[in-house]
Structure formats: C-alpha cells, structure tokens
Amino acid sequence: MNYKFPENFWWGAATSGPQAEGRFNKKHRSVFDYWYDIEPDAFFDKVGPDIASNFYNSYKEDIAMMKSIGFNSFRTSIQWTRLIDDFETASVDEDGVRYYNSVIDEAIKNGVTPVMCLHHFDLPIELYEKYGGWESKHVSYLFSKFAKVCFELFGDRVKYWATFNEPIVVIEGQYINEFHYPKVVDGKKAVQAAFNINLASAKAIEEFRKCECSKTAKIGIILNLTPAYPRSNSKEDIKAAEFANKFNNRIFLDPAVHGRFPDGIEEILEREGVLWENTEEEMKTIENNKIDFLGVNYYQPLRVKKRESEFDNSKGWLPYKHFEGYDMPGKKINPHRGWEIYPEAMYDIAINIRDNYNNIPWYVSENGMGVYGEEKFLNEEGMIVDDYRIEFATDHLKFLHKGITEGSNCFGYHLWTPIDCWSWSNAYRNRYGFISLDLNTQKKTIKKSGYWYKRVTENNGF
Ligand code: BGP
C-alpha cells in the first residue's frame with residue numbers, strides 16, 4: 001500500500017438538511033424553499049427541494065447504506081426552519097426535535113460519527129424579509145439562540161459541530177454574483193453580511209463554550225478554500241491574488257482561527273468606503289471565540305490576474321475592483337460543472353494550514369465531482385461505473401497524503417456526497433454521490449465508487 005492514512009482517519013461524506021431531507025413536516029421556509037415556490041423556473045428541470053432525496057423518511061436505510069460502504073463519519077445539517085418554531089424566542093418544533101434526535105441516534109448506532117452543521121445556505125425567509133437576513137446583527141443574535149438550543153438538545157451525543165457551511169458562498173451568491181435569492185449586487189451589504197456571519201459564528205461558539213456539552217465536544221466551521229493563484233510572478237498579479245485570497249478565503253478563515261481579520265483588509269475597505277460597522281465588543285467576541293477544528297471544502301482553485309480592463313463602477317464597489325479572474329490555458333476541467341480540476345491545491349491547503357494557521361486539526365469536509373447524465377455509465381447489473389470519480393478522489397487524496405506526511409494535522413476526508421442530492425439551482429442536474437438516486441422511484445444504488453471507497457476505508461488507504 002502506497003498511501004496509508006493516520007489512525008482513526010475519518011472516511012465518509014457530507015450532505016445537508018435542505019439538500020437531502022425534503023420539506024416534509026417543515027413549518028417554515030428557507031430562502032431556497034421560498035425561491036423555488038415563487039420561481040420554479042430558476043431550478044434545473046423545475047425540480048425543487050420538496051422531496052429531495054427523501055432523507056427525512058429514509059434516513060435509517062440511507063445511514064445503513066453509508067455504513068455498508070465503510071463510512072465511520074458523515075456530515076449533515078440541522079435546518080433552522082425545521083427545528084425552530086419561533087425564531088425570536090427559539091422555541092422548538094416537536095417534530096423537528098424528534099427527527100434530529102432520531103437521525104443522530106441512528107448514525108451513532110451504526111458507528112458513524114455525526115458532524116452537525118447549523119447553517120447550510122438555509123436562512124429562514126422570514127428573517128430575510130423582516131431584517132434583511134445577514135445584513136442584520138439581530139439575525140446573528142437569533143442564530144446564536146438557535147445554536148444554543150441545538151447544543152442543549154443534542155450536545156450529549158453530537159461531538160462535532162460546525163457553525164456555518166461556506167459562508168463566503170452566501171456573500172457571493174446573495175450580494176455579488178447573483179446566484180442565490182434575491183440576487184442583489186451590493187458590495188457594501190456583502191461586506192456587512194460577511195462581518196455579521198463572522199459575528200454569528202463567534203456568538204454560537206460563545207454559547208457552545210457555556211454548554212456543559214463543550215467539555216466532551218468540539219466546534220468548527222466549514223470553509224470552501226479556493227487558493228488564489230496569480231497568473232504570473234509579476235508584482236501586480238501577486239497583489240491581485242493577495243486581495244482575492246483575503247476576500248474569498250481569509251475573511252472567514254482568519255477570524256475563525258486567529259480571532260482577527262486578515263491584515264490590511266479593514267484599511268482597504270475603509271478607504272474605499274465600504275467597511276462594515278462594528279463595535280469594540282463585537283470584535284472582542286470574535287477574538288475570544290475561535291474554532292477547535294476546521295472543515296475545508298475544496299473543489300477548485302481561483303486563478304487571478306491584475307485588472308486589465310477598467311473596473312465597471314456602475315453597480316458600486318465590488319471586490320473585483322482589485323482583481324480579475326484568469327482563464328488559464330490548458331487547465332483541466334470538469335465540463336459538467338465548469339470547475340477546474342487541480343488536485344495539487346490539496347497539498348497547498350494542507351501546508352498553508354500547517355504554517356499559517358497553527359496547524360489546527362482539520363479535515364476535508366467536501367471534495368467531489370458533479371457529473372451530468374451518469375445513467376450513460378450504467379452497466380448490465382444496473383451499477384453506475386463512475387471511474388472518473390474514483391480517479392478524482394484518488395488524485396486529491398494523494399496530494400492530501402503528501403501534506404499529511406509533511407506534518408499537516410488532517411484527520412479525515414469526506415466526499416460530497418453520500419447519496420445524490422439536490423443542488424441549489426442545479427437541482428439534480430449534476431450527480432455527486434457514492435450512491436445514485438433514481439428520482440422517479442427514489443431507488444438508491446451503490447455506484448462503483450462506493451465499492452471502491454469501502455476498500456479504501458477498510459485499508460485506511462490505497
Ligand atoms: C458546495 C456546497 C454543497 C454542494 C457542493 C456542490 O459549495 O457546500 O452544498 O452543493 O458545493 O456544488 P453544486 O451543488 O453547486 O454543484
């Protein structure tokens with residue numbers, strides 16, 4: 001065996017409440033539920049989150065399937081809109097409590113460590129309509145109340161918590177690049193929302209530390225790190241990449257690990273008139289409530305060059321004032337999703353965490369490849385032969401292994417996702433799972449990659 005991983009390494013995969021459960025028995029709507037209700041055309045084949053992968057009803061069979069392909073851990077999320085009845089008081093919905101208790105117990109019974117995330121793009125629409133969602137610090141406070149309830153209800157069994165999944169995607173989707181409802185383009189709001197989410201995460205951690213359960217559990221955050229590589233070694237390209245790194249990665253990574261924002265970013269934002277509003281006390285909250293572990297979602301790098309065309313100011317300030325995307329010739333690409341495939345970055349991330357982030361314990365919380373039309377790869381036995389997925393995961397694991405060998409403190413690898421799940425506006429277009437889902441029958445079938453993973457997990461490497 002060439003690639004052996006550390007003892008007790010986590011093998012598993014990640015999904016989320018809104019993408020797997022279906023809306024069964026849910027009293028409130030998230031922004032995505034609402035968006036689908038008012039604009040079904042915005043979703044591939046008009047498929048919404050109503051049924052998704054039916055996890056709400058089939059979690060027992062689904063967790064058993066995960067177990068059967070070797071998982072020792074898996075991540076999902078608790079939907080704010082399912083667990084909570086009244087957002088102001090954080091009173092609970094009894095069916096929500098019953099449901100999450102059962103999911104957690106079922107995972108533990110199967111020897112699969114549950115990692116529970118508290119926000120996976122699923123802000124309650126009511127909080128958006130009433131307060132402007134993450135533009136409001138009151139929402140940060142309400143989030144910490146919801147988090148507190150989660151720790152109290154489930155903290156006796158859940159040993160790994162995550163406050164947010166990919167908060168920068170909320171900022172980009174909702175306030176910059178127009179791919180999340182309500183698709184506002186507003187750099188100042190983007191910056192304020194980024195601050196408020198950092199604050200919400202820190203406040204949730206503060207609640208966690210007060211809970212008895214924190215003595216035996218850990219809390220982290222899940223960040224999609226997209227290392228920004230400059231086009232060239234020119235001073236200008238390097239400067240552009242530095243800003244992109246600060247805005248896209250470090251704006252959440254630095255506060256989470258170091259309790260402060262990346263050096264220089266506040267000065268730039270202030271000079272350009274878009275700095276967030278904050279109090280001393282809020283900065284202290286961020287400083288005093290750091291994470292125990294980090295989850296890293298890695299799909300693609302960010303290629304960057306200095307601005308070559310003049311920045312279009314018609315929509316006001318945007319981070320692109322400082323850089324432009326660089327379409328690197330010859331790059332390898334996943335044509336279904338349009339994302340570059342660059343496994344080498346896994347090593348760079350590992351070393352960056354080792355050298356610049358106190359070598360904090362971390363794991364790969366998502367990595368994967370979405371493919372359209374996988375039914376083309378069905379064999380006679382009805383199994384999808386997804387060799388491309390095996391190759392993708394293998395290549396990334398090799399670079400991760402190199403980082404671990406050189407001392408990076410990585411304790412696991414999760415693929416996105418266990419069972420094909422609903423994917424925001426792409427719905428069920430691109431499939432990511434180790435297990436396929438027939439949308440018409442809800443039949444779930446292990447793909448070739450699932451059998452491959454089982455062997456990897458049994459050998460703790462390959
Ligand atoms: C991550 C999200 C997941 C998942 C995945 C695949 O950004 O955390 O929720 O959806 O990406 O991306 P997509 O569904 O956009 O293809």
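**Ground rules.** I'm working on a predicted model, where local features need pLDDT of at least 70, side-chain atom pairs count only at pLDDT 80 or more, and totals for chains, interfaces and linings use all residues. Numbering runs from 1 along each chain as its sequence is written, and side-chain values use heavy atoms, with hydrogens and water left out.

Next I looked up distances from polar side-chain atoms to ligand oxygens. E166 has such an atom 2.5 Å from an oxygen of the ligand, and for Y432 the distance is 2.5 Å too. For Q19 I read 2.8 Å to a ligand oxygen. How much of the ligand's accessible area does the protein cover? It covers 93% of the 370 Å² that the ligand has on its own (Shrake-Rupley method, 1.4 Å probe).

**Cis peptide bonds.** I found a cis bond from Y181 to P182, with omega near 0°. P182 sits in the loop between α8 (167-176) and α9 (187-210). Helices are DSSP runs of H or I with at least four residues, strands are E runs of at least two, and both are numbered from the N terminus. Another cis bond runs from W416 to T417, with omega near 25°. T417 lies in the loop between β16 (410-416) and β17 (430-431).

**Positive phi.** The loop between α8 and α9 also holds E178, whose phi is positive at about 60° although E178 is not a glycine. N359, likewise not a glycine, has phi near 50°, and I placed N359 in the loop between α13 (344-356) and β14 (362-366).

Buried or exposed? My cut-offs are under 20% relative accessible area for buried, over 50% for exposed, and partly exposed in between (1.4 Å probe, protein chains only). E178 has 39%, so E178 is partly exposed. N359 is at 21%, so N359 counts as partly exposed.

**L123.** This one is in the loop between β5 (113-117) and α6 (125-131). L123 counts as buried because its relative accessibility is 2%. I also checked L123 against V364, 241 residues apart along the chain: their C-alpha atoms are separated by 24 Å.

Conventions. A polar contact is a pair of N or O atoms within 3.5 Å; within protein, one must be able to donate a hydrogen and the other to accept it, and residues adjacent in sequence count only if both atoms are side-chain atoms.
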